[in-house]
Amino acid sequence: MKNYSIGMKWITAIAEGFLAIPIIGGVFVISSGYSALGVMFVLHAITLLLSIRDRQGKAASILGLVTSVVSAIPFIGWFMHLLTAGALVLSAITSRR
């Protein structure tokens, strides 16, 4: 069961990394009518629930939830996506132990 939470951390990390690409990520979010942020919120919530179930680190998923709410602000959103992607990668790597 531990693999599901690790897999979700990798999936959300890749998605956050894509949204952190300066022009491309911003155009994608705006062209989706900001619904991409809602999808990311749901994915981070699922990842958080799986992490709680597997007793793994929860901080990166909580940061992802905050990022999904705050990232409507252009430059703050870019920085938060970048920070969250890094935190999720780090969390996924350390969860393997």
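Analyst: A helix here is a DSSP run of H or I with at least four residues, a strand is a run of E with at least two, and both are numbered from the N terminus. The model is predicted, so to speak of a local feature takes a pLDDT of at least 70 and a side-chain atom pair counts only at pLDDT 80 or more, while totals for chains, interfaces and linings use all residues. Residues are numbered from 1 along each chain as its sequence is written, and side-chain values use heavy atoms, with hydrogens and water left out.

User: With helices defined that way, where is tyrosine 34 found?

Analyst: Tyrosine 34 is in the loop between H2 and H3.

User: Are tyrosine 34 and arginine 55 buried, partly exposed or exposed?

Analyst: The scale is relative accessible area with a 1.4 Å probe and protein chains only: buried is under 20%, exposed is over 50%, and partly exposed is in between. Tyrosine 34 is partly exposed because its value is 39%. Arginine 55 has a value of 77% and is therefore exposed. Arginine 55 sits in the loop between helix H3 (35-53) and helix H4 (59-70). From arginine 55 to isoleucine 73 there are 18 residues in sequence, and the C-alpha atoms are 32 Å apart in space.

User: How many helices and strands does the whole chain have?

Analyst: The protein chain has five helices and zero strands, which reads along the sequence as α-α-α-α-α. Its radius of gyration is 13 Å, close to the 13 Å of the globule rule for 97 residues, so the chain is as compact as a globular protein of that length. That radius is taken over C-alpha atoms, and the rule is 2.2 Å times the number of residues to the power 0.38. Along the principal axes, the C-alpha atoms fill a box of roughly 35 × 20 × 15 Å.

User: What share of the residues is buried, and what makes up the accessible surface?

Analyst: Buried residues account for 38% of the 97 in the chain. The accessible surface is about 5,600 Å², with 78% of it belonging to carbon and sulfur atoms. Areas come from the Shrake-Rupley method with a 1.4 Å probe, and for residues only the protein chains shown count as cover.

User: Which residues does threonine 12 contact beyond its neighbours in sequence?

Analyst: Contact means heavy atoms within 4.5 Å. Leaving aside neighbours within four places in sequence, threonine 12 is in contact with Met40, Leu43, His44, Thr47 and Leu88. Threonine 12 belongs to helix H1 (residues 2-19) and is buried, at 0% relative accessible area. Its C-alpha atom is 8.9 Å from that of serine 61, which is 49 residues away along the chain. For the chain, 69% of contacts between residues at least 6 apart in sequence join residues at least 24 apart.

User: Is alanine 20 buried or exposed, and which residues does it touch?

Analyst: Alanine 20 is buried, at 7%, and lies in the loop between H1 and H2. Not counting residues up to four places away in sequence, alanine 20 touches Trp78, His81 and Leu82. The C-alpha atom of leucine 50, 30 residues along the chain, is 24 Å from that of alanine 20.

User: What about leucine 83?

Analyst: Leucine 83 is in helix H5 and is partly exposed, at 39% relative accessibility. Leucine 63 is 20 residues away in sequence, with a C-alpha to C-alpha distance of 8.7 Å.

User: What volume has the largest pocket, and which residues are closest to its centre?

Analyst: A pocket is an open set of points on a 1 Å grid over the protein atoms alone, where a 1.4 Å probe fits, with protein on both sides within 12 Å along at least five of seven lines; lining residues have an atom within 4 Å of a point. The largest pocket has a volume of about 340 Å³, the space filled by probe spheres set on points joined across faces, edges and corners. Its lining has 17 residues, of which Pro22, Gly25, Gly26, Pro74 and Trp78 are the closest to the centre. Helix H2 (22-31) and helix H5 (74-95) each supply at least two lining residues, and the largest share, seven residues, comes from H2.
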